[in-house]
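Dear colleague,

Please read them with the model open beside you.

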Amino acid sequence: LKLSAHHTLKNLTLSHNDWECNSLRALFINVARPAVDDADQHCKIDYHLEHGLCCKESDKPYLDRLLQYIAMTSVVEKQLKKESCSAINAIHSVQSLVHFTKQQGVVSLQGNEQLEAEVNELRAAVQQLTNEQIQQKQLLQGLHAEIDTNLRRFRLSKDELARPSENLNKVFTHLKERQAFKLRETQARRTEADAKQKETEHLEQENIALERQLYNKNTM
């Protein structure tokens, strides 16, 4: 915050903000405490009060906030158990930040080595997230192709308007029905084999009895 020699600051509201402690200390070098007419009462985890305001110690505040945002969106995605665009939005947000600081000239990277280093790390993080997104897309395409292959293999119709997961359920349902049919068929054959075995044993017993009768007649 810079003020010309001909201007003074009367009131400044600073509470309920995400302050980085070094930036807050630098601010109070130029701003007198009476000009700040508010204060924070309670701080979040990892934050503490300084000059009556909550701030967080961080060597890389921009990267720290980005990682915190990505972690928060990941938690929300897991809780909702739905596909979300928040990860993509995070990538776009970082790309916009990098483009803004580089092209618009609002922040001079050459004059701030720390910010320049953080922006470079952000670029690397964006590239890594982009590569992971491409890999996930390729994996999904491979899974979709495998689903189509199984639909053709089992001669099942594909619903072009349905989600791939619904077509996959068709494959699972077909396999379960086929397995149940084979199980019933196996049980029927086993029952038939047991009946024939019992019939064979019964005939053998009758044959033994007839042989004994014949033997007894011949010896009389």
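Leu143 counts as partly exposed, because its relative accessibility is 45%, and its place is in helix 4, which covers residues 113-153. Together with Leu139 and Leu140, Leu143 forms a nonpolar patch on the surface, and the accessible area of these residues together is about 290 Å². Please bear in mind that this is a predicted model.

Turning to the charged side chains, the structure holds 6 salt bridges, among them one in which the side chains of Arg25 and Glu57 meet at 2.3 Å, N to O. Arg25 lies in helix 1 (residues 21-30) and Glu57 in the loop between strand 3 (53-56) and helix 2 (61-80), so this pair ties together parts that are 32 residues apart in sequence. Arg25 is partly exposed at 29% relative accessibility, and Glu57 is partly exposed as well, with a relative accessible area of 41%.

Another salt bridge is formed by the side chains of Glu121 and Lys60, at 2.7 Å from N to O; because Glu121 lies in helix 4 and Lys60 in the loop between strand 3 and helix 2, the pair ties together parts that are 61 residues apart in sequence.

Asp148 forms a salt bridge with Lys158, with 3.0 Å between the closest N and O atoms. Here Asp148 lies in helix 4 and Lys158 in the loop between helix 4 and helix 5 (164-219), so the parts tied together are 10 residues apart in sequence.

Conventions: Residues numbered from 1 in each chain as written. Predicted model: local features only at pLDDT ≥ 70, side-chain atom pairs only at ≥ 80, totals over all residues. Heavy atoms only, no water. Patch = residues over 30% accessible without salt bridge, like charges linked within 9 Å, V, L, I, M, F, W, Y side chains within 5 Å. Areas by Shrake-Rupley, 256 points an atom, 1.4 Å probe, with all protein chains shown as cover. Salt bridge = Lys/Arg side-chain N within 4 Å of Asp/Glu carboxyl O. Helix = DSSP H or I, 4+ residues; strand = E, 2+ residues; numbered from the N terminus. Buried < 20%, exposed > 50% of the residue type's maximum accessible area, 1.4 Å probe, protein only.
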